[in-house]
Amino acid sequence: MIPSDAIKAVGDGRLDDRLFDITGLIKAGYDDASSKVIPVLTTYQGKAKRVVPAGAKVTRQLSSINGAAVEVDKSKAGSFLATASGKIWLDGKRHITLDQSVPQIGGPDAWAAGYTGKGVSVAVLDSGIDATHPDLSTQVAGEKNFTTEAAEDLVGHGTHVASTIAGTGAASGGKYKGVAPDAKLYDAKVCMLEGCYESDLLAGMEWATKEVKANVVNLSLGGTDTPEIDPIEEAVNRLTAETGALFVIAAGNSGDGDRTVESPGSADAALTVGAVDRQDALAEFSSRGPRIGDSAVKPDVTAPGVDIVAAKSKDSSIGEPVGDKYLRLSGTSMATPHTAGAAALLAQEHPSWKAAELKSALMGSAKVAGDQTTFQQGAGRINLTTAIKQNVIAAEGSLSFGLASYPHTDDEPVTKPLTFRNLGDAAVTLNLATSDNAPGGSPAPASALALSANTVTVPAGGTAAVQVTSNTNHDGPDGFYSGRITATGGGQTVVVPVGVEKEIESHTVTVQTIARDGAPSDYSVALFDIGTGKLTWHDTDGTLKLRLPKGEYLIDDYQEFEQAPDDWIGLKLVAPSVKTDADRTVVLDARKAEPITLTAPESGASEVDSQAGYFRRSKNPAVEGYSSASTANGLYTLSTGPKLTPAEMTGHVTSLWGVRGDGPVPFENSPYMYTLARTQPGEFVTGYQRTVRKSDLAVVDITVNGPAGRKIGVVNWAETGGISLSSVIPFDNTRPIHYYYDDLPSGWLSGVEQPMDGVGALQDATPVRYRAGRTYDVRWNAAAFGPRVLQATREGGRLGVFIMSHGDADGHASYSGSDTVSNTLYRNGVQVATSNESFGSIIVDGLPAEKSTYKFVTSGTQAATGFATKVDLTATFTSAATTTRTDLPISTVRFQPKVDRENQTPRTAVTELPVVVDGAKSLKSLKVEVSGDNGTTWTAAKIRKTPTGYTATFSTPAGPTVSLRAHLTDQAGNTTDQSVISAYHLK
């Protein structure tokens, strides 16, 4: 959800759109409850004076991107954006993604030849290295912690990676020895339990290459790639050129889709590594090419990355233990250190070689898998047996012929040089051969790939080149063509992967954007692909030409127009369905937009803001499209049609009204608020007029429990299919807050911000409909506190669970800032995913379709609130792939003691505690236990069924707090076990 006032900056490339990815920000722990600041990376413009923008604090200068890491106070974000120069990126978090695997790549052959990594330095940028492990106690030559976490490896990832590179195998009698056991490791801790800040990563990269002067740098981490060069990619390319260090980087674990190689493995200079199993079969999780943006060949090589056993940190929180000292993990993160170790062996053999030579030698000597494409394996699986004998390399490593545009009857052949370097002391004559496959694996037409010569002689210490021609003007199918050039001679083989994308049927869409005065508009255009769910932004000068695959798209343009001095209006123009079965022109003309006009029932009410937006469903179950434009100064809208079905699109208009005060916050403590909404099934509105009557509305009186005198914020979202944002209105928490709600059939999601220290915004877990003409009393933030499902769904192979740790007695969901967190998902007893980012949260893709038994285990601790200081939940349920988003059968138990406004419960000899089950409609069994000593001892309560739920009866414990745990089984056999320490307080 990108605010209308930021759309132009995002489209112009000045603002990173991840700054407005609500789901991603919550997942990264950048939500308001977790952080009062937002970390960003900002680049300097040329030699401009390096002034700290308003509302910001520089935390680290970063010469590798000509910029700095900055923390921005969220309350001053507007001032920061107004005064900052250069590009602004989110300081995002990257994720950290032997006994048989080392022989698989030829390690023993290299050792036998005397190459063990001696004299070579390898920097490991990861979660730290446990140097107390016997395999690593002599291997770490230096370390530096770039994070705010303790220096120990609390994840276990970095230790595993380090021992794969250079572990001695001491704890296993040499069985689990790394690839380069005599190399020296440098430990740059850049990752924490919660992830890897990009600013920490950049600082670690500079330290590794400029201070340590490492020969090889291992990055077993990554994040989503974009067509532009991001700060990490820029640093990889720049530091490689400046220092000659080879960056060996994981391709990513984003599955078997095309264009899934992650950043920074997408950098030109990186040696990017995919994963194979023990039989050299491509791992299902290994990211594939081509590279986003230019269709270049990536990854570069593959290496073993499935079920890799390596050293276990003493503080490890991931993986499957193998004895006390080792751990089994899978991922391209595990393939990468195999390749970094191999590079270290070559660096020992050839001390003068730098990144270019090491990368080309490992690619050229790789073992090709005949059933894998260039965009899956690059050159092939690394092979030290041949690499240590390699002194002829291809300077280019691979040849990428990019994209050939559809149609192909007028395609011209493209020719590129392929240069062979002879690093030996004798001339070598190479025999050249090509192979090329069409999409699907059948041989490409003979004309698709050609060489200018079939042999070439490369002089000692010199170079020789041939010309390679790619031709897409043939009758072969459209799609990715995967080939290779094989050069043999002098007892060596050099493999050069080749790739080209013969564009599938695509057409040109010309988008003309016209401002309110008839002039061309330069406000950027958003494009939403209905087929894939991908959203992209495009600059324009009034005429934009987009090359798009055949399909369906939504095009959105938000403009602002100054109709009089300092009198600005907003204009949202939408083409909801553009089908690209031919070249098309779309005209978004602001002169045709019509106004949004609403009138509140009371003359004293003023408009806080109004919004017009839409929800547009894509065909990708993991992505939904929604957008809103907001203004209090005048909003105009235009839809160019056609009208769609309600399942495809729903438009909405929302508005918030109150009494404007004289203070610095205009509507603070307004005596009443009107929160209004209407939906428009099947279309975005072209203008909208409405006079609101009180008879249309429900009255809602809101009370908020918590410390007296505290200022709170109230916010409401209309449930319109996507998200309809609303302003937060502050109130002194001294009286009920009076709201009028529209009777919206799809309901409202309301929230209360900062009801007490350490807790984020409470919000409705499910939409609530308030009926016109009725009055409701709604209580928030009442004890007892405990887990509450916000969302738990399955669609296709994707399963997502979001359980909040700090739900209140009335069913509102929230979370507290956690001190410790762990999440693990099992399928049929086998662990499939872990996460330590936030309580109750995990997302897994690519799950098998068949019905399986899943177990989700989550735990979290916090001390800030005094309530729910430790929450544990285990949910066991069955699930199978579904064609539509389906709720998972996960239930939680909610308790409703009698509490005052301060959340204190009067002590009685016997407690009659109301119990509510959220989720299952009918239970086989329910057990409740109570503790007065923070869970040291537990006593069973008596349970009886009531018309509204259940009642638990027990002798009130003697302690100051009551802890509660419950076990339930529903009629289908799904179970929940939950435990909450200090669920409520006694007085």
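How many disulfides does the structure hold? The structure holds one, a disulfide being a pair of cysteine sulfur atoms within 2.5 Å. This is a predicted model, in which local features need pLDDT of at least 70 and side-chain atom pairs count only at pLDDT 80 or more, whereas totals for chains, interfaces and linings use all residues. Residues are numbered from 1 along each chain as its sequence is written, and side-chain values use heavy atoms, with hydrogens and water left out.

The disulfide links cysteine 191 and cysteine 196, with an S to S distance of 2.1 Å. Its S-S torsion is about 105°, so the disulfide is right-handed. Both cysteine 191 and cysteine 196 are buried, that is, under 20% relative accessible area with a 1.4 Å probe and protein chains only.

Helix α10 spans residues 355–364; helices are DSSP runs of H or I with at least four residues, strands are runs of E with at least two, and both are numbered from the N terminus. Nine of the 10 residues of α10 are buried, so the helix is largely enclosed by the rest of the structure. Among them are Glu357, Lys359 and Met363.

Elsewhere, β57 (residues 892–895) runs antiparallel to β59 (residues 910–918), joined by four bridges. Phenylalanine 895 has valine 915 in β59 as its bridge partner.

How values were computed: Pairing = 2+ DSSP bridges. Buried < 20%, exposed > 50% of the residue type's maximum accessible area, 1.4 Å probe, protein only.
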